[in-house]
Amino acid sequence: MDLTGLALRAGAARPRVLVAALPGGTAARLQAERLARLRDWPLADTPAQADLLLVVGQDSSRLDPAVKRLWRDMPAPRARVHAGDADDVEAALEAGRTQLGSQAVQRQHVEASAEMARNDGGHNDEGAKNKGSHGGHGGHGGHGGGEMEMPGGLPMAERSEDRDGLMLDRLHVPVGPLLADWPAGLTIKLTVQGDVIHEADVEHPVTPSGGPVLSFWVEPWLRAAAGEPVRVGEAAQRRAAAHLDSLARLLSVAGWPAEATAARRLRDDLLDGAPGEAVASRLARFARRVGRSRTLAWLTRGIGSMSADEARAAGVSGPAARAGGDVTARYVQWLADVRRDVGRLEEPALLRPAVDESPRGHWESDDPPSAALIALLPRLLTGAELAAARLIVASLDPDLDELAASRREVTAHG
């Protein structure tokens with residue numbers, strides 16, 4: 001009996017999928033999450049949990065090292081596939097499952113890993129070899145500048161006074177660019193003392209090698225800006241789905257997977273064209289559970305705080321500005337906005353892109369609204385505890401596809 005083949009085929013029947021979204025990959029990521037849920041294939045949060053790495057979106061040479069790091073950190077048996085757009089996702093998932101069940105393919109992966117290890121001189125750490133690269137899954141890659149390193153490519157900690165006057169180690173921690181429930185292509189370099197972030201710098205956002213992309217979430221606004229008639233109801237549908245997607249990412253980071261799945265189900269139903277009355281009762285129950293959760297509020301209260309005036313002064317608009325508070329205030333604002341938009345799905349009036357908000361705010365200048373959200377991150381992260389960093393980022397959820405999309409000045413119509 002071929003026990004190895006039997007074990008491989010059994011594992012391939014329900015693989016754990018790690019979705020790595022590249023810039024321009026939002027539509028493909030949504031399709032991957034939808035199909036994985038329909039097939040009952042679990043989504044992995046880390047490479048160590050994953051069997052199948054699904055890379056979605058347009059290729060970007062700057063992200064190649066990060067993708068390779070994810071692949072290297074996955075245990076065998078494993079498979080890796082790529083889907084450039086949403087139409088490619090189903091075939092890619094099937095190809096990945098086939099690879100997982102193939103002894104020949106798995107043998108090739110083992111041989112390739114062994115060859116890579118030999119070429120690396122006995123250790124397979126790309127971060128140690130390429131000190132200037134910060135790619136990876138939130139790892140502590142090298143930082144260049146000739147500084148001393150510990151084994152495995154970790155930088156030696158520096159020492160300086162913390163806010164209480166104590167001498168503590170300072171660690172430089174790059175976060176991103178390919179994390180689960182994280183803005184695709186975003187890398188933030190943190191300087192940490194103890195459990196407190198003392199400095200935060202955002203690297204220049206990654207854009208696809210193939211050129212500009214169309215941002216999925218603001219596509220109705222871009223079409224309207226180009227002169228195409230777009231109904232307010234269509235924009236409300238896309239905006240509500242975007243907020244549900246952001247809520248799902250925040251809830252997943254907060255450790256509430258059941259409600260994250262509920263948010264994704266509602267998101268997918270709206271994108272599939274479900275009428276408002278078909279989702280209204282489920283949305284109301286979801287909003288009550290999340291909005292009244294004392295545990296979630298306790299976890300998020302008081303972090304990432306900014307007033308409405310501070311937000312507007314920084315050029316922020318949309319839900320983040322109207323919320324005028326902390327992470328808790330921002331997810332409560334999302335919930336209220338989703339319920340309002342679900343009631344507007346049938347509205348026939350034409351979208352005015354300079355007046356009606358896109359999911360992250362108004363397009364009033366050449367810079368998309370996510371540019372202001374990204375610029376705000378260093379101030380909100382500095383002084384926060386390291387454990388709160390991902391919650392703060394998730395509560396703003398900037399869309400880097402907006403930055404990569406073709407710039408079209410939005411003007412009022414009519």
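The legends below describe several close-up views of one predicted protein model.

Residues are numbered from 1 along each chain as its sequence is written, and side-chain values use heavy atoms, with hydrogens and water left out. Because the model is predicted, local features need pLDDT of at least 70 and side-chain atom pairs count only at pLDDT 80 or more, whereas totals for chains, interfaces and linings use all residues.

**Figure 1. Overview of the protein.** The protein has 17 helices and seven strands, where helices (H or I, at least four residues) and strands (E, at least two) are DSSP runs numbered from the N terminus. Of its 414 residues, 52% are buried, a word that stands for under 20% relative accessible area, with exposed meaning over 50% and partly exposed in between (1.4 Å probe, protein chains only). Among the contacts with a separation of 6 or more, 71% join residues 24 or more positions apart, a contact being heavy atoms within 4.5 Å.

**Figure 2. The largest nonpolar core and Phe286.** A nonpolar core is a set of buried Ala, Val, Leu, Ile, Met, Phe, Trp, Tyr and Cys residues joined through side-chain atoms within 4.5 Å. The largest one holds 60 residues, of which Ile188, Phe286, Tyr331 and Leu381 touch the most other members. Apart from it lies another core, of 20 residues, including Val19, Val81, Ala83 and Leu93. When residues up to four places away in sequence are not counted, Phe286 touches Leu244, Leu247, Leu251, Glu259, Ala262, Ala263, Leu266 and Leu335. In soluble globular proteins, nonpolar side chains tend to be buried together.

**Figure 3. The packing of helices α8 and α10.** Helix α8 covers residues 232-253, and helix α10 covers residues 276-291. The two pack at an angle of about 40°, with their axes 13 Å apart; axes are lines fitted to C-alpha atoms, for helices over the stretch in contact, and angles run from 0 to 180 degrees between N-to-C directions. Leu244, Leu247 and Leu251 of α8 make the contact with Leu283, Phe286 and Val290 of α10, and the residues of this contact divide into six nonpolar, no polar and no charged. In this count Ala, Val, Leu, Ile, Met, Phe, Trp, Tyr, Cys and Pro are nonpolar, Asp, Glu, Lys and Arg are charged, and the others, Gly among them, are polar.

Figure 4. Asp245 lies in helix α8 and is buried, with a relative accessible area of 1%. Leaving out residues up to four places away in sequence, Asp245 touches Arg29, Leu30, Glu33, Trp217 and Arg267. Ser246, also found in α8, is buried with a relative accessible area of 2%, and, with the residues up to four places away again not counted, Ser246 touches Trp334, Arg360, Ala394 and Asp397. The side chain of Ser246 makes a polar contact with the side chain of Asp397 (2.6 Å). A polar contact is a pair of N or O atoms within 3.5 Å; within protein, one must be able to donate a hydrogen and the other to accept it, and residues adjacent in sequence count only if both atoms are side-chain atoms.

**Figure 5. Ile374 in helix α15.** Ile374 is placed in helix α15 (residues 369-381) and is buried, with a relative accessible area of 7%. Aside from neighbours within four places in sequence, Ile374 is in contact with Val202, Pro398, Leu400 and Leu403. Ile374 and Val202 are 172 residues apart in sequence, yet 7.6 Å apart in space, C-alpha to C-alpha.
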